[in-house]
Each structure stands twice: as structure tokens, then as C-alpha cells.
Amino acid sequence: MRHPYQDPHPDVYIGGGFSDPDDRGPDDRGPGEHPSDAPGLDTDPDADPDPEPDPEPEPNSGSGSGSGRRYRVPGGVAAAVVTGLVLLCHSFVPNTPGNLGSLLDTVLPWTGLAVPVLLLLAVFRGSVPGGVAALALGAVWSASFAPLFLADHGGSAPDPNLTVVTHNVGAANPDPAGTARSLLAADPDLVALEEITDETLPAYRKTLDRRLPHSARVGTVALWSRFPIDESRRVTIDPGWSRSLRALVRGPKGPVAVYVVHLPSVRVGASGFTTGRRDNHLTALASALDHERQRKILLLGDLNGTTADRAFAPLLSRLTPASDASGAGFGFSWPAAFPLARLDHILTRGVTPTDAWTLPATGSDHRPVAARLRA
């Protein structure tokens, strides 16, 4: 019998160390000392006395199916990549169906709005990749449109000797006299107007004739000049329309052929970007310019399209936009309340643009555009 204060599990000396009796092998235990004899433990005679441990889960490889997590490209990064591809590859977008390529060319400058939006989104989410992608998109956009803001004079800018203005005054303009006065504020030598009507013509004449005594009119387009007009005629780019003229102006350094043109309107609808009639007129206009014998040419008017539109390639192979050469930027002119595109243009050949700008809104749905030239 054990002493009442004796430890029921005395340390056992084993080869210079101490061990708990329960660490003994099964053959060293006495009767009643097997762990399975302990009260409250269930025993299973068929159980594996030494089961294998569960295998450790394999690390996720990032691919394949199953419950492993996959890497996802952040939405901001994907949006920046897609927008950058549109900027770089828009010329490869076909123009059929619906003149989609021309429409994309026209709205391309507005892709720049994606840059601040994606930057704000990246900051809000704390996404470094998203921020880098947005900045990269900004660099691509800047490289695409920076030339519009850089003047190209091939050296120092020459002194201008001719200021020109063109304006689609709007057939429903409620204040033609006020519109004419606002155009004279630019001190122009030439003023080209589109959408002149028989009812509004006297008001424009009364105001413009005092400063620009020489004029020519064909249908709904007209030209006023400080310099004498030696001849004028209709330019037939559509037999059914009278919306284009050519005048030979005795300029400050010799004759200048001045074209005033109003091309057909375009629309965006269920059938796409309807530019067919305008594009036909562009082709006819380019052909008319091929027969022009004067070295100095000005083309002024509402062309109902931006020069970024691929349909303008035939015209731009013959003339240069004054806004591009002068570094005037986008110079949006339509609609007047919140301009989204530059539909009104001053194109040149044989003269040097030194400056171009957009004038304040008038009673028309277009804004006037102006340029200074060395002719």
C-alpha cells in the first residue's frame, strides 16, 4: 500500500535522465496502466494505432480550377489599356458598318477625360498599378495631341498681314446685326459667312459694308473683303446646292483664291454616322482644288466635320489647317453653348498661319473662328 503522501507517478530514472511513466513503452507498463484503460476514453480495436498525419495543402499556383485564388487585372488598369489601344490603333477601326471609324476619329480628343477619372479611382482604391496605368494613358494622350498646341513656323513667326474670320451665322439667328458687330471686333480683312438668308442679308450688309466694302455672295454663303475682289463664281460640288463660292481677292502681296464652303450636315443615329453626302462633297471639293491655278489659297467655312476624320484626307493632302500650324489647340466651335468639336475651319496653301483662335458665341449655334496669316 502506497503512503498517502507518496506521488502516485514517481519519476523514473532512465539512463541519466528522467521520464514520465506514461512515456514508457507498452511492454513496460503494469496492469491497469495502459492509456486505453483510462476512464472516459473510447477505444476502437480496429483503429490504426499510428495514423498518418493529414498531408499539407499544396501552395496555390495561381492557375487551374478549384478553390485557389486567381490574380485579377484591376478594372482601372484594364480600362486604361483599352483606351490607350483606341488612341494608338483607331486608324485600324474599319469605317463599315455605319462609318464607325470616322465617328471614333471625331470624338478621339475626349478620351482624355478617362485620365483624371482613372487617377481618382486609383487613389480612392489605393491601387498603385491603377495609378501607373492612368499616368501612362495620360502620356499616350499627350503625345497624340501635343502637336495641336505647338506652333510650327519653321523658325520665328512672320508678321501677319491678313486676318480672316469664318462663321456659320445660323439661318435662325435672332440678331444678325449684333453678330456682324462681334465679328468686326477681331478687325478682320476677310469675313466668310454661311447660312445667309434673303431676310438677314440686309442686316449683315449694313454692318459689314462700312468696314469691308467688297463682297460676293452665292446662295447661302458670302464673303466680305477689305481688299478688292476681282472675280467670283459658284463652285459646283453639288448641282442641287448653292453653298460654295470662289473669289479672287487682290491681297496685300498678290492675288489669293478664297473659297467659302458649307458642306452637308452629318448625324449620329440608329444607322450609324451618316456622312455619305458630306464625304461626296469633300471628294468634289478636292477635285476642284486640283484645277486651282493660284499659288495662294484660303478655304473658309463650315465643313461639318473635324480634320481628324479620315474622310478629310483628300482635302488635307492639298491644304493645311491654320489651327494646326499655329498651335491653337482644339479650337472647338460647335455647339456654341458647350463646344464639343471643331466643325468650322480655315485651311491654307501658299500662306503662313501665325495665330488662330475661336471668337465668343453669337446668336448662332456655331462659334466664329479666326486666324492671322502671312499672305
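What is the volume of the largest pocket? The largest pocket has a volume of about 450 Å³. A pocket here is an open set of points on a 1 Å grid over the protein atoms alone, with protein on both sides within 12 Å along at least five of seven lines, whereas a cavity is a set of points where a 1.4 Å probe fits but cannot get out; lining residues have an atom within 4 Å of a point. Grid points are joined across faces, edges and corners, and volume is the space filled by probe spheres set on the points.

The lining of the largest pocket comprises 24 residues, of which V266, R267, N304, W334 and L343 are the closest to its centre. The elements giving two or more residues to this lining are α2 (100-107) and β10 (267-269), and α2 gives the most, with 3 residues. Helices (H or I, at least four residues) and strands (E, at least two) are DSSP runs numbered from the N terminus. By class, the lining of the largest pocket holds 10 nonpolar, 8 polar and 6 charged residues; Ala, Val, Leu, Ile, Met, Phe, Trp, Tyr, Cys and Pro count as nonpolar, Asp, Glu, Lys and Arg as charged, and the others, Gly among them, as polar.

The structure is a predicted model, in which local features need pLDDT of at least 70 and side-chain atom pairs count only at pLDDT 80 or more, while totals for chains, interfaces and linings use all residues. Residues are numbered from 1 along each chain as its sequence is written, and side-chain values use heavy atoms, with hydrogens and water left out. Mean pLDDT (the predictor's confidence in each residue, from 0 to 100) is 86 for the protein, and 80% of its residues reach 70 or more. Over residues 11-21 pLDDT stays under 50, and the model has 11 contacts beyond four places in sequence for this segment; contact means heavy atoms within 4.5 Å. Residues 61-66 also stay under 50 in pLDDT, with 3 such contacts.

The secondary structure comes to 9 helices and 16 strands. Of the 375 residues in the protein, 41% are buried, where buried means under 20% relative accessible area, exposed over 50% and partly exposed in between (1.4 Å probe, protein chains only). Strand β14 (residues 344-349) has 5 of its 6 residues buried. Strands pair if DSSP finds at least two bridges between them. β14 runs antiparallel to β12 (residues 297-302), to which 6 bridges join it, and L299 stands opposite L347 of β14. β14 is also joined by 2 bridges to β13 (residues 320-321), again antiparallel, and P321 has L347 as its bridge partner.

The second largest pocket has a volume of about 350 Å³. Its lining numbers 18 residues, with L148, T307, A308, D324 and F330 the closest to the centre. α4 (128-145) and α9 (322-326) each supply at least two residues of this lining, which divides into 9 nonpolar, 7 polar and 2 charged residues. P147, in the loop between α4 and β3 (162-168), is partly exposed, with a relative accessible area of 47%. P147 and A325 are 178 residues apart in sequence, and their C-alpha atoms are 8.8 Å apart.

The structure holds 1 cavity of 30 Å³ or more. About 40 Å³ of space lies in the largest cavity, which is lined by I237, D238, W241, R243, S244, H262 and H281.
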